[in-house]
Amino acid sequence: MINPKGEYYGKKLLFVGASGHFEPSIKKAQEMGLFTIVINNNPNAMAKQYADLAADVDTYVVDEIVDFAREQKVDGLFTSWNDMNLFHTQAATEKLGLPFFATKEQLDALVFKYDFKVTCRKYGVPVTPEFYVGGDLTEEDIAKFEYPVIFKPIDSGGTRGMTVLHSPEGVWEAYEKALAPSEARKVVVEKYLRNGNLVVFDICVQNDNVYLCAAMDRCIVRTSESEVPLAISYMYPSKHIDVIESQVMKPITDMIHGLGIHNGIISFDGMISEGKLYLIETQYRWGGTHFYKFVKAESGVDLLEMMIDQAITGKYDRYDFAGKIDVNYKRHYACQNLQAWPGTIKEVQNIDKVCEMEGVDWLVQIKNIGDRVPDDGSTAQNFAKIGLSADNERDIYKLMDKIQKTLVVLDENGNNLIKNNVPEELLK
């Protein structure tokens, strides 16, 4: 018999990381009866207000995580939304003898951008070509570039440190920008594909069976020729599901089996250029789109519950995916990136009005009052992620525009930081 206070009542789950993205997972864990604890080294971190207990612990120091977990006598660790925290949490769970969804070897093969591409090539998964990988760029290396190219840190997500170059001008600035956020102090320079269709798709694995559970088209706004274009929304279902299924699902399945991944979730970013799909990077964790919410709406399968199960028990069998998971969604959905201009957040108005709008299914606030929105052209400029649904894409874009004109985020000078950047052509 399940305890009326929740099946895991009396157990503790430690969340390693405290960005606003953790809010839904913390609340879900609480629904399941867990006592929730959140740690990171930012006292102002958004998620700390939702947990039963919050502490300032450096999640980049494994021994600090382990010592705190032992002190609190936790029953499991949960992390996502930050690549490096995957490694630190995996190492901590190994020392603590607790479950984790991935091995260090699997993380090594998938998380770092270049290692991911090496892994893909081993299994015949198409990826973008690169011209340089390392931390000691030379003029000889630069002479081999075929423009346009994109500079990336080898181990950082969210478009941080990325620059697009169409000529050798600015090479060293782009290199230093990519090197700065890299913990490994390495950069990868790739062929930059443009004028294609950007897609993101999500895989869920259960008992070695691989399912395509979500596929979306990434709608971008280009602000300059050198900045990586940011997505204003991810639209479900993708118009390119047939390309994904026919070109990459078989080699991806072989790769998942070859890596010994038996259960879990993996996301892939790619571009379709001249009819061919090239994979760009992967996320062996939840991404910012919170796609599991759309999967649940369409299939009834709650992947978030299952990942919490895995963190506590090591099991991944709450739902049987067979016959339930279907990537061809009946309804249109979107994850809106509500972006902000640079500035320090002083006041937030009208969030309740946005949440009450028809078609707004959920809102995850990422930035807190007192947080600084950077001027770096990265996903750190997202104030919130908002889940939308409608009968067609045009209605979703109209709703996005309405949200941008309703929500007010003021800086210390009274300026509204929310960007109104839905292209006019999408509203017609």
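Here are some worked exercises on the predicted model shown above.

Residues are numbered from 1 along each chain as its sequence is written.

**Exercise 1. Helix α11**

Task: Find out how many residues of helix α11 are buried, and what lies at its ends.

Solution: 
- Start with the limits: α11 covers residues 303-313. Helices (H or I, at least four residues) and strands (E, at least two) are DSSP runs, numbered from the N terminus.
- Next, look at burial, where buried means under 20% relative accessible area, exposed over 50% and partly exposed in between (1.4 Å probe, protein chains only). In α11, 10 of the 11 residues are buried, including Leu303, Glu305, Asp309 and Gln310.
- Now go to the N-terminal end, which Asp302 caps: one of its side-chain oxygens lies 3.1 Å from the backbone nitrogen of Leu304.
- Finally, Gly314 follows α11 and has a positive phi, near 80 degrees.

**Exercise 2. Packing of α1 on α11**

Task: Describe how helix α1 and α11 pack, and which residues make the contact.

Solution: 
- Helix α1 spans residues 23-31, and its axis is 10 Å from that of α11, at an angle of about 70 degrees. Axes are lines fitted to C-alpha atoms, for helices over the stretch in contact, and angles run from 0 to 180 degrees between N-to-C directions.
- The two helices are therefore roughly perpendicular, a class that takes in angles of 65 to 115 degrees.
- From α1, Pro24, Ser25, Lys28 and Ala29 take part, and from α11, Leu304, Glu305 and Ile308. Contact means heavy atoms within 4.5 Å.
- By type, these residues divide into four nonpolar, one polar and two charged. Here Ala, Val, Leu, Ile, Met, Phe, Trp, Tyr, Cys and Pro count as nonpolar, Asp, Glu, Lys and Arg as charged, and the others, Gly among them, as polar.

**Exercise 3. The cores**

Task: Name the residues that touch the most other members of the largest nonpolar core.

Solution: 
- A nonpolar core is a set of buried Ala, Val, Leu, Ile, Met, Phe, Trp, Tyr and Cys residues joined through side-chain atoms within 4.5 Å.
- The largest one holds 87 residues, and Phe78, Phe201, Trp286 and Leu303 touch the most other members.
- Take Phe78: beyond its neighbours within four places in sequence, its contacts include Phe22, Trp286, Leu304 and Ile308.
- Apart from this core lies another, of 29 residues, among them Ile345, Phe383, Leu417 and Val422.

**Exercise 4. Thr406 and Asn350**

Task: Decide whether Thr406 is buried or exposed, then follow its contacts.

Solution: 
- Thr406 sits in helix α13 (residues 393-406) and counts as buried because its relative accessibility is 18%.
- A polar atom of the Thr406 side chain lies 2.8 Å from the backbone oxygen of Lys402.
- Not counting residues up to four places away in sequence, Thr406 touches Asn350, Lys353, Val354 and Met357.
- Asn350 is in the loop between β15 (343-349) and α12 (351-355). Although not a glycine, Asn350 has a positive phi of about 75 degrees, and at 27% relative accessible area Asn350 is partly exposed.

Conventions
Heavy atoms only, no water. Polar contact = N/O pair within 3.5 Å; in protein donor to acceptor, adjacent residues only side chain to side chain. Parallel < 35°, antiparallel > 145°, perpendicular 65-115°, else oblique.
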